[in-house]
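Dear colleague,

Please find below the structure that I am handing over to you.

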Amino acid sequence: MTTIKNIGRFLDQPRLVTNFAQMVPPLLSCAAAGIVLNDTFNTPLEDRQKRFIQNGLTMFGAVGSSLLAPKITSKLFKSAPKMVSLKEIEKLSTKHVNEFLSKNHIDTNTKDILHKAKTEILSLNEIKSLSENLNTNEGKKLLQKLIPEPDNITSKEIFSEIGRLSVFGLIPVVGGILGGICGDRIVSDNYKEKIPNKIKEGSYQYLANIFLCNIGAGAALGIMEKSNVKSKSARALGMVAGIIATGVIGGSAIANLIGKKFINKLFRHNSNTPEKTREPEALDICLHSDDIATVAVMSGLRWIEPTLPTLYSISGYRAGMGYRGKEHKKHKAKHL
C-alpha cells in the first residue's frame, strides 16, 4: 500500500502535472494531424481532397473544442482545478522547504532532495526516501504542502463535479459535430442528409460513453458519502460499479432509444438515413477508459485531469464523422 501511495505522490507532483498539462495540446494536435494525413493518403487519389477537407474540419472541431473545454469549464464551475504556473510552484516550494529546514535538522541526503524539490521533479525513489525520512509531524506537513494528497469530495461537491465533467465531455462532441457539418457542407451537395447520423452518433457517444457514466459514478459516490465510506479504494470500486450499471450496460440502450424516438422524428425528411441500431463495439468499450479517468478525477488524482481533452476528443471525432457502426462505415465509403 505504501508503494502505491508513493506512486500516487510521484504522479501528483504539481510540477509534473503542470508540465504534462502543457504537453497535451501540442501532442494531441500532432496526433490528430497524423491521423488526418494517414486517412487522406489511404483514400483513392480522386477523393483525397474531399476526404482531407471533411476529415480535417471534423478533427479540428473535436480537438480544438476539447482543448478549449478546460478553460470554459473553469469559468463555469468553482470545482474546476486551477492550474498553477511553474514559477508559482517554485516560489511556494522554496518557501515551504526553507521554513522547514530553518527549524528542523535532517540528514544530508534528505536535505539535498528537498533542495531539488524547489525547482525539479523528484524521482519515485526520492519520493520514497522523503516518505520514509520525513516521519515527524512537521515532516509530514511539509510533504503534504509539496505534494497535496487527494481529498475525498463531499456530497455537496459531487453534483458540481458531475456537472463539470459532463459539460467538459459535451463540448468536444458538439465541436466534432459542427466541424463535421462544415466539412460536409464544403465537399457534398447532400450534406443535410448526413446531419442526423452525426447527431445520433453524438448522442450515443455523449450518453453512453460520458454523461450516464458520470451520473453512475456520482450516484455511487453520493451513496458512499452518505454511508460515511472514507476508503479511497472502496469509493473507486463503488464508482466503477456505478459506471458499469448506468453507462456500459444501460447507456447504449438509452442512446439508441433517444435516436429512434426523438432524433429520427426531428429529421423525418431524411428517409435515406440508415436506421440500424448502433451496437457497442470494441473502441466504444475502450472509450470507457475516460470513465476510469472520471473515477480518478473524482477521487482527487490531479495528474488525470490533463488527459481528459484527449479522451473526450475521440468521442467528438466519431460524432462528427457520423460513425454509426461497421455497416454504415461500408455504406459511407461507397458514397464519399
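Asp184 and Lys198 are joined by a salt bridge, with their closest N and O atoms 2.8 Å apart; the term denotes a side-chain nitrogen of Lys or Arg within 4 Å of a carboxyl oxygen of Asp or Glu. Asp184 belongs to helix H8 and Lys198 to helix H9 (residues 195–226), so the bridge ties together parts that are 14 residues apart in sequence. Helices here are DSSP runs of H or I with at least four residues, numbered from the N terminus. Both Asp184 and Lys198 are buried, that is, under 20% relative accessible area, whereas exposed means over 50% and partly exposed lies in between (1.4 Å probe, protein chains only).

Please note that this is a predicted model, in which local features need pLDDT of at least 70 and side-chain atom pairs count only at pLDDT 80 or more, while totals for chains, interfaces and linings use all residues. Residues are numbered from 1 along each chain as its sequence is written, and side-chain values use heavy atoms, with hydrogens and water left out.

Across the whole structure, the search finds seven salt bridges. One of them pairs Glu149 with Lys5, with 3.6 Å between the closest N and O atoms. This pair links distant parts of the chain, 144 residues apart: Glu149 sits in the loop between helix H7 (137–146) and helix H8 (155–187), and Lys5 in helix H1 (residues 2–11). Glu149 is partly exposed, at a relative accessible area of 27%, and Lys5 is also partly exposed, at 43%.

Another salt bridge brings together the side chains of Asp39 and Arg51, at 2.5 Å from N to O. Asp39 lies in helix H2 (residues 14–41) and Arg51 in helix H3 (residues 48–76), 12 residues apart. Arg51 counts as buried, at 15% relative accessibility.

Turning to helix packing, helix H4 (residues 86–103) and helix H5 (residues 108–117) meet at an angle of about 155°, and their axes are 9 Å apart. The axes are lines fitted to C-alpha atoms over the stretch in contact, and angles run from 0 to 180 degrees between N-to-C directions. H4 and H5 are therefore roughly antiparallel, a term used for angles over 145 degrees. Ser93, Val97, Phe100 and Leu101 of H4 make the contact with Lys111, Leu114, His115 and Ala117 of H5, where contact means heavy atoms within 4.5 Å.

With kind regards

Terms used
Helix = DSSP H or I, 4+ residues; strand = E, 2+ residues; numbered from the N terminus. Parallel < 35°, antiparallel > 145°, perpendicular 65-115°, else oblique.
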